[in-house]
Structure formats: structure tokens, C-alpha cells
2 protein chains.
Amino acid sequence: MTYCLAIQVDEGIAFAADTRASAGVDYVTSYSKLHCFETNENILVALLSAGSLATSQEVVSWIRRDLQQDNSENLNRFTRMFEVAAYVGRVSQAVQASHRAGLQASGVNGQATFILGGQVRGEPASIYLVYGEGNFIRSSADTPYLQIGETKYGKPILDRLVASTLTLRQATRLAVLSLNATIKSNLTVGTPLDLGIYRCNSFRRLVTSRLDSEDAYYRAVNDGWNEGLKQTFLSLPEFEWAEPTVK
Amino acid sequence: MTYCLAIQVDEGIAFAADTRASAGVDYVTSYSKLHCFETNENILVALLSAGSLATSQEVVSWIRRDLQQDNSENLNRFTRMFEVAAYVGRVSQAVQASHRAGLQASGVNGQATFILGGQVRGEPASIYLVYGEGNFIRSSADTPYLQIGETKYGKPILDRLVASTLTLRQATRLAVLSLNATIKSNLTVGTPLDLGIYRCNSFRRLVTSRLDSEDAYYRAVNDGWNEGLKQTFLSLPEFEWAEPTVK
């Protein structure tokens with residue numbers, strides 16, 4: 001399984017992904033699910049991927065090839081981010097279609113889902129979720145985050161703390177905490193984490209960083225959060241009841 | 001959907017359940033999923049139920065009938081809790097089998113899952129999860145809780161805070177927080193909450209309480225937790241990075 005998350009705040013976008021890939025519990029490996037692209041100064045695009053590793057790797061390879069060959073359809077040619085989302089969806093559908101006969105023969109699902117984020121000059125930064133079916137949604141000011149993969153364990157902390165008005169550093173910290181909650185509750189999501197940070201209107205490469213479980217920052221956040229939750233829990237009021245009479 | 005939880009600590013057992021029952025989003029009603037039984041002084045049994053409401057209601061009805069008629073198989077006759085779990089599983093299988101033709105014709109799944117908790121004289125208190133298939137597991141000292149229904153949102157907080165050494169009052173508070181996290185993240189789980197509290201070796205009726213969303217204790221826990229999480233989040237260290245060079 002996988003857990004990927006993007007949080008969009010006024011200052012920019014924080015991307016985070018675990019790196020665990022598994023085919024059953026006895027073949028567990030590590031792959032980056034955060035993909036950056038060498039685009040020109042008018043567009044910045046990053047992708048997070050979940051689902052079939054074969055599909056997501058091939059989708060990223062076709063997108064890179066289109067870009068490197070300057071094909072008629074490639075990341076540098078788009079002037080709106082929703083067009084990029086539609087393009088990623090089309091490439092994903094084409095990859096799945098090319099393997100459909102083989103996948104169906106084995107009863108395997110080759111779907112992959114993507115979070116697309118970045119900025120096209122002339123538009124604000126934005127994040128999109130591209131479904132396995134190729135269609136897509138974008139985040140809203142009320143719900144300024146998108147998740148793919150094993151999303152449920154990391155959602156409660158987002159629902160309590162996320163807001164468009166967080167600083168980009170806070171959004172990054174929140175993404176780390178959401179990943180950390182998922183890793184604690186689900187074996188199929190694991191460290192190291194990949195982080196990507198984009199500052200609005202910079203059109204610069206993402207700042208990327210990999211945090212393993214012994215990373216000092218990761219440990220500080222993990223330990224500080226555990227301790228803070230414990231202290232908060234202990235400070236909450238007691239539920240009072242009267243012991244019942246003997247039946 | 002449903003979320004039910006039982007936490008077993010050294011002092012006793014805390015049971016908690018939401019009360020939302022839904023058939024789609026446009027037929028949402030409220031049902032208690034915490035079931036107590038009028039057993040004798042040698043056994044105390046409570047059930048939490050999730051899944052098909054028709055199945056779980058009928059299972060509880062048959063268990064009550066067996067008890068009231070003092071049938072050869074009824075709650076008062078068991079001397080080990082695992083036998084009670086096996087009995088609940090058998091009744092559940094019998095109910096499902098009696099409706100199988102009708103359910104299969106409509107393509108409907110009539111499964112229900114149960115958490116069984118309580119104590120038989122001569123044994124320590126214990127909690128069991130009875131699967132839809134009728135088999136069952138019990139909790140362990142390392143993982144002293146069991147969940148059924150929509151379990152993922154409420155699991156991270158348990159994984160950070162649960163321990164057999166919590167007081168019974170703390171276990172009750174933790175159960176309320178786990179329900180609260182689920183309610184915030186998932187529309188199909190809703191207030192009011194039903195709480196049940198059993199003190200080991202008391203063999204007295206469960207202390208039960210219903211908390212709606214305006215209940216003073218529920219609000220105090222919700223608000224205190226939100227505020228504590230926010231303050232903890234703000235106190236965590238910043239993730240530092242250098243802004244990248246222009247590409």
C-alpha cells in the first residue's frame with residue numbers, strides 16, 4: 001500500500017509520500033512516489049502516485065519522454081493546470097489499456113491514482129487528484145488537501161488542523177504528522193518519507209527531502225507529538241459515574 | 001456505517017458505540033448498538049454490533065429468548081467466555097443462513113460483526129471479536145482493544161495512547177476520543193454515543209450513558225482535545241530548508 005498527501009496553503013504546496021511498495025507481505029521494497037519534472041520557467045509540475053507501481057512508473061516515463069522529445073502534447077505546452085490533469089489521466093488510461101488483456105487474464109487491477117500539483121504561469125498554484133479512471137478533481141479552500149492510497153489513518157489529524165492559512169512550514173510539519181500517524185497504524189506504509197515543498201510563484205524546483213525513521217527532525221516531531229497527545233489526554237476531564245447497585 | 005470499540009484495562013472494560021444506522025445517505029436513523037443482557041450473578045455479557053442491522057437485531061433477539069426461556073444453550077449456562085463467543089457466532093451464522101436465499105437474490109450481504117465483552121465467574125474479564133463468519137478472536141495485553149465497523153479513523157489515537165494500565169476512567173475517555181475522531185472524519189458515524197463501563201469482578205450491570213453532541217462532557221473532551229492538539233502542533237520544531245536556486 002501507499003500513502004501520499006498534498007496540502008495547499010496560501011504560501012505554497014507541501015507534498016509527502018511514503019516509499020513502501022509491496023506485493024504481499026514477503027516482497028517489500030522501497031520506491032519513490034514523488035516525481036518531479038524538468039519543465040521550463042512557465043510551469044512547475046510534481047506528481048505523487050499510488051496503486052499499481054507498473055502503471056505509475058510507465059505513466060511517469062511517458063510524461064518524461066513527451067517532455068524530452070518536445071512532443072505536441074507535453075508539460076511545457078500547457079497553459080492551464082486542469083489541462084495537465086486531463087493529460088495525466090489520458091496517459092494513465094492509455095497505459096492501462098495497453099496492458100488490459102494481460103491484466104484481465106490474471107484478474108489483476110492495474111489502476112493507479114495520482115496527485116498532481118504545481119503552477120502554470122498566469123494561474124495560482126493548485127493540486128489535483130487524478131483517479132484511476134482518468135477523471136480528476138481539485139482541492140478547495142475548505143478542504144485544502146488531497147490524499148491517495150491508505151488515506152484513513154492520516155485524515156483525523158488533517159481534519160482537526162488543516163487550513164489554507166497555515167504557513168508552508170506548518171503545512172510541511174502537518175504532512176509529516178499525517179504520514180507518521182499512518183505508519184504507526186498500518187504496516188504497509190513505511191519510512192523513509194519523501195517531502196516536496198513548492199513556494200507559490202517561485203517556479204523553482206521543488207525543495208525535496210527524504211526523512212528516514214532515525215532522522216532527527218522526524219524523531220523530534222514523532223516524540224513531541226506523542227508527548228503532547230499524552231499530556232493533553234491526561235489533562236482532559238474525567239468521565240464521572242456512580243457504581244451501579246448489585247443486580 | 002458504524003464504529004464500535006471496547007478497551008480492556010486492568011480495572012475493567014470500556015465499551016463505546018455510535019448510534020447511526022443508514023441505508024444510503026437519505027435514510028439515516030439512530031439505533032443503539034450496545035446490548036446488555038439480564039444474566040445471573042455468575043456472568044456478565046455485553047455486545048456491540050456492526051454490519052447488517054437486521055442480522056444483529058435478530059441475533060440479539062434470539063440470545064434474549066434463549067436466556068428468558070432458560071434454554072439448554074443460554075448465557076447463564078456458560079462457564080467460559082470463549083464458549084459465549086462461539087455461541088454468538090453460531091446464532092449469527094444461523095440467522096444469516098435463514099435469510100441466505102433472500103439476501104443472495106438481492107445481492108445483499110447480511111453479515112454482522114460483534115464485540116463481546118464481560119466476565120464469567122472463575123475467569124478474568126475479557127473481550128472478543130466475533131466475525132461475520134462466526135469465528136472469533138480475543139484481545140491481548142499488547143493490543144488491549146477491539147474495533148468493528150469503520151475502524152481506521154479512530155485507530156491512530158488508540159495506537160498512541162492505549163495500555164492495559166490505563167484507569168477505567170481513562171479508558172472511557174480514550175474511547176470517547178476515538179469515537180470523536182471517527183465522527184469528525186466520516187459522515188456515516190454519528191452522535192449520540194453509547195458508553196458502557198464494566199468494573200472487573202463486580203458482576204454488576206454495565207454503567208451505561210448516552211452522550212449527544214451537546215453533552216457537557218463530550219464538548220469538554222472535544223474542545224480540550226482540539227486545543228491541546230493545536231498547541232502541541234504549534235510547539236513542534238520547524239522543518240527547515242534552503243530555498244532552491246532558480247532553475
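You're looking at a predicted model, where local features need pLDDT of at least 70, side-chain atom pairs count only at pLDDT 80 or more, and totals for chains, interfaces and linings use all residues. Residues are numbered from 1 along each chain as its sequence is written, chains are lettered from A and ligands numbered from 1 in the order in which they are written, and side-chain values use heavy atoms, leaving out hydrogens and water.

**The sheets**

Helices (H or I, at least four residues) and strands (E, at least two) are DSSP runs, numbered from the N terminus. Two strands pair if DSSP finds at least two bridges between them.

Contact here means heavy atoms within 4.5 Å. Zoom in on β8(A) and you'll find three bridges joining it to β9(A), with Val130(A) opposite Phe136(A).

Over in chain B, strands β1 (residues 3-9) and β2 (residues 12-17) pair over six bridges, and Gln8(B) stands opposite Ile13(B).

**Two crossing helices**

Back in chain A, α5 (residues 168-185) and α6 (residues 216-235) pack at about 75°, with their axes 10 Å apart. That makes α5(A) roughly perpendicular to α6(A), a label used for angles of 65 to 115 degrees. Among the residues making the contact are Val176(A) and Leu177(A) of α5(A), plus Tyr218(A) and Trp225(A) of α6(A).

**Where the chains meet**

How many residues of chain B are in contact with chain A? There are 59, and they touch 59 residues of chain A. The two chains bury about 5700 Å² between them, 63% of it on carbon and sulfur atoms; buried area is the accessible area (1.4 Å probe) that two parts lose on being put together, summed over both.

Six salt bridges are counted between the chains, each a side-chain nitrogen of Lys or Arg within 4 Å of a carboxyl oxygen of Asp or Glu. One of them links Lys152(A) and Glu150(B), at 3.0 Å from N to O.

Technical notes: Axes are lines fitted to C-alpha atoms, for helices over the stretch in contact, and angles run from 0 to 180 degrees between N-to-C directions. Angles under 35 degrees count as roughly parallel, over 145 as roughly antiparallel, 65 to 115 as roughly perpendicular and the rest as oblique.
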